Amino acid sequence: MRVLVVEDDGKLGSLLSRVLASQGYAVTLARSVQETRARALRDVDLAIIDWMLPDGDGLEVCTMLRRDEFEGPILVLTARGETRDKVHALDLGADDYLTKPFELDELLARLRALTRRASRALDIGPLHIDVAKRYAFAGGRLLNLTAREFDLLLYLARRAGTPVSKSELLENVWDTEEIVINVVEVHVSRLRDKLGPEAALLETVRGHGYRVKSGP
């Protein structure tokens, strides 16, 4: 998942970059409207934009992204907390609004919620996942997955290209009472069997965990 962070506060920008990277996001950081214009934004999946920037307005960035047909979620950060400000930001294309100061846990939870709402379908090479209907296809073939296998595949697919550790998978895919020895390895093995000719999509990253390939 690739995220654009537009934040002119150096300390906050660096903190957000570190925290988001630790959560598996690939971060592109810009500190001004001009820097944002200079960034390659074609592959960005979501954006976090500070309202007050040194050379303009974060809402100008929001409008610019929408004009360029950016369809991902946009979260606006600002010290402004009045309802009319929130309405103004939402009317200009933002999907959510977080008032400073904020807790990082709340920011991450809002990003997850925005991502869930936006991700109705995922296409990664021969893999197609209909999130709303909970169907997964590989090479045009419907996969007969259990609920947990679907959750595992979806979690890895949302982080395509990024290695995901077993501990992260256990924390986010399984309930505590379901965790038994080798539960991740067993489910990954079953997923590969069901992926059949497309099993190479699901890679083992030695010493770390697993990864869904994002490219050839």
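In the predicted model described here, helices α7 and α8 are roughly perpendicular to each other, a term that covers angles of 65 to 115 degrees, whereas angles under 35 degrees count as roughly parallel, those over 145 as roughly antiparallel and the rest as oblique. The axes of α7 and α8 come within 10 Å and cross at roughly 85 degrees, the axes being lines fitted to C-alpha atoms, for helices over the stretch in contact, with angles that run from 0 to 180 degrees between N-to-C directions. Helices (H or I, at least four residues) and strands (E, at least two) are DSSP runs numbered from the N terminus. The model is a prediction in which local features need pLDDT of at least 70 and side-chain atom pairs count only at pLDDT 80 or more, while totals for chains, interfaces and linings use all residues. Residues are numbered from 1 along each chain as its sequence is written, and side-chain values use heavy atoms, with hydrogens and water left out.

Within helix α8, E185 is partly exposed, with a relative accessible area of 28%, where buried means under 20% relative accessible area, exposed over 50% and partly exposed in between (1.4 Å probe, protein chains only). Apart from residues up to four places away in sequence, E185 touches K166 and Y210; E185 and K166 lie 19 residues apart in sequence and 8.7 Å apart in space, C-alpha to C-alpha.

Helix α8 also meets α6, and the axes of α6 and α8 come within 10 Å and cross at roughly 85 degrees. H187, which belongs to helix α8, is buried, with a relative accessible area of 12%. Once neighbours within four places in sequence are left aside, H187 is in contact with R148, E149, L152 and W174.

The largest nonpolar core has 30 residues, of which I129, L152, L153, L156, L169 and L202 touch the most other members; such a core is a set of buried Ala, Val, Leu, Ile, Met, Phe, Trp, Tyr and Cys residues joined through side-chain atoms within 4.5 Å. At least two residues of this core are supplied by each of β8 (121-124), β9 (127-130), β10 (135-138), α6 (147-158), α7 (166-173), α8 (183-195) and β14 (209-212), and the largest share, seven residues, comes from α6. Beyond its neighbours within four places in sequence, L153 is in contact with L127, I129, A136, L143, L145 and L191. A second, separate core of 20 residues includes L4, I49, V61 and F70.

In strand β6, L75 is buried, with a relative accessible area of 0%. Its contacts, leaving aside neighbours within four places in sequence, are with A47, I48, I49, D96, Y97, L98, L107, L111 and L114. L75 and L111 are 36 residues apart in sequence and 7.9 Å apart in space, C-alpha to C-alpha.

An unreviewed UniProt entry places the feature "modified residue: 4-aspartylphosphate" at D50; UniProt positions are given in the numbering used here, feature names are shortened, and annotations may be inferred rather than shown by experiment. D50 is part of strand β3 (residues 46-50) and is buried, with a relative accessible area of 5%. Residues touched by D50, not counting those up to four places away in sequence, are V6, E7, D8, G58, L77, T78 and K100. The peptide bond from K100 to P101 is cis, with omega near -10 degrees, and P101 is found in the loop between β7 (96-99) and α5 (104-118).

Key: Contact means heavy atoms within 4.5 Å.
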